[in-house]
Amino acid sequence: MQTNHQEIFETKNMYTISIIIPTYNESENIIRLLDKIKENLSSNVFTEIIIVDDNSPDGTSRVAQNYIDSDVRSNRKSANFEEKQYSIKIITRKIKNGLIPALLEGVKSSHGDYVLIMDADFSHPPEMIPKIIEKLLHNSNSIVIASRYTKDGSIVGWPFKRRLISKAAAVIAKFGLNVHNVTDPMSGFFALPRTILQNLKIDTKGYKILLEILVKSKDIPIFEIPYTFRDRKSGKSKMGSSVILDYISSVWQLYRYGRNHQKK
Ligand SMILES: Nc1nc2c(ncn2[C@@H]2O[C@H](COP(=O)(O)OP(=O)(O)OP(=O)(O)O)[C@@H](O)[C@H]2O)c(=O)[nH]1
Ligand SMILES: [Mg+2]
């Protein structure tokens with residue numbers, strides 16, 4: 001039986017946050033991740049978890065759907081079913097055509113007042129979720145970014161080359177795209193009100209949706225919360241030369257966007 005998400009939100013008088021998790025070949029991570037997110041639910045907030053899988057050959061969608069089905073069954077048996085403060089659903093796309101389109105599809109089918117985006121490979125610790133949500137609820141018209149480069153943030157397990165590429169990308173964003181107020185504009189772990197996203201036209205094809213949001217919404221307050229990014233332990237990296245080329249092409253597109261909007 002499908003849960004009607006809209007109904008749940010309307011009957012509960014509380015904020016809702018939609019956590020969007022893109023997946024491609026994350027069958028080794030997805031169950032543990034969902035368990036951890038459930039352990040880290042914020043009180044007085046309804047959490048809608050949406051997995052967007054691009055028909056992963058390793059069966060991520062099937063693994064996640066089995067998890068959802070057994071979760072629904074065990075919740076039905078539980079006495080405090082009505083008190084359940086989360087829902088989980090999976091969107092399985094037919095083809096893999098980029099991370100940003102996958103994320104946008106998740107956002108489109110979500111219902112939350114706020115949207116939080118995170119990876120499935122445990123590089124983004126689920127323990128950070130309540131801290132991000134708390135900051136966002138106290139600063140409701142802002143973007144809250146879990147940051148590797150702000151004071152006390154760090155990266156564990158990346159080789160020198162990967163660090164260098166990431167830092168260089170951040171410097172390009174800062175000086176090339178005028179994103180001066182953020183140390184980690186390439187973070188994939190952040191949250192914001194749905195209305196900010198709804199008012200933007202996201203049209204780059206790349207990997208880094210936050211960068212595009214920052215370039216296109218300059219006046220919105222930004223908060224960075226430090227965290228330790230850990231390289232994935234399970235599953236394979238999707239980072240390759242095509243990701244770097246996509247990045248360069250997005251930066252060029254966003255640079256032109258910035259110049260056109262300055263002229264106006
Ligand atoms: N739906 C979808 N998810 C993707 C796609 N590419 C990557 N992902 C997911 O997006 C998140 C980030 O991808 P990662 O492969 O971890 O990228 P990364 O963190 O830059 O690199 P590694 O951690 O080294 O792999 C993970 O949850 C991936 O499973 C895609 O094309 N479609
Ligand atoms: Mg990763």
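Let's start with K36, which forms a salt bridge with E39, their closest N and O atoms lying 3.1 Å apart. Keep in mind as we go that this is a predicted model. Both partners belong to helix α2 (residues 30-39), where they are 3 residues apart, or about one turn of the helix. K36 is partly exposed, with a relative accessible area of 29%, while E39 is exposed at 57%.

Now move along to R93, which forms a salt bridge with E105 at 3.2 Å between the closest N and O atoms. This pair links distant parts of the chain: R93 sits in the loop between β3 (86-92) and α4 (99-108), and E105 lies 12 residues away in helix α4. R93 counts as buried because its relative accessibility, 9%, falls under the 20% cut-off. E105, at 34%, counts as partly exposed.

For another setting, look at D152 and K151: their salt bridge has its closest N and O atoms 3.6 Å apart, and both residues are exposed. In total the structure holds 11 salt bridges, and K201, D203, E212 and K216 are linked in a network of them.

E212 is one of its lining residues, together with I100, T204, G206, Y207, K208, L211, Y247, S250 and L254. Helices α8 (209-216) and α9 (241-263) each supply at least two residues of this lining, with α9 giving the largest share, 3 residues. By class, the lining has 5 nonpolar, 3 polar and 2 charged residues.

Key: Residues numbered from 1 in each chain as written. Chains lettered and ligands numbered in written order. Predicted model: local features only at pLDDT ≥ 70, side-chain atom pairs only at ≥ 80, totals over all residues. Heavy atoms only, no water. 1 Å grid on protein atoms, 1.4 Å probe; cavity = no way out; pocket = protein on both sides within 12 Å on 5 of 7 lines; lining within 4 Å. Helix = DSSP H or I, 4+ residues; strand = E, 2+ residues; numbered from the N terminus. Nonpolar A, V, L, I, M, F, W, Y, C, P; charged D, E, K, R; others polar. Salt bridge = Lys/Arg side-chain N within 4 Å of Asp/Glu carboxyl O. Buried < 20%, exposed > 50% of the residue type's maximum accessible area, 1.4 Å probe, protein only.
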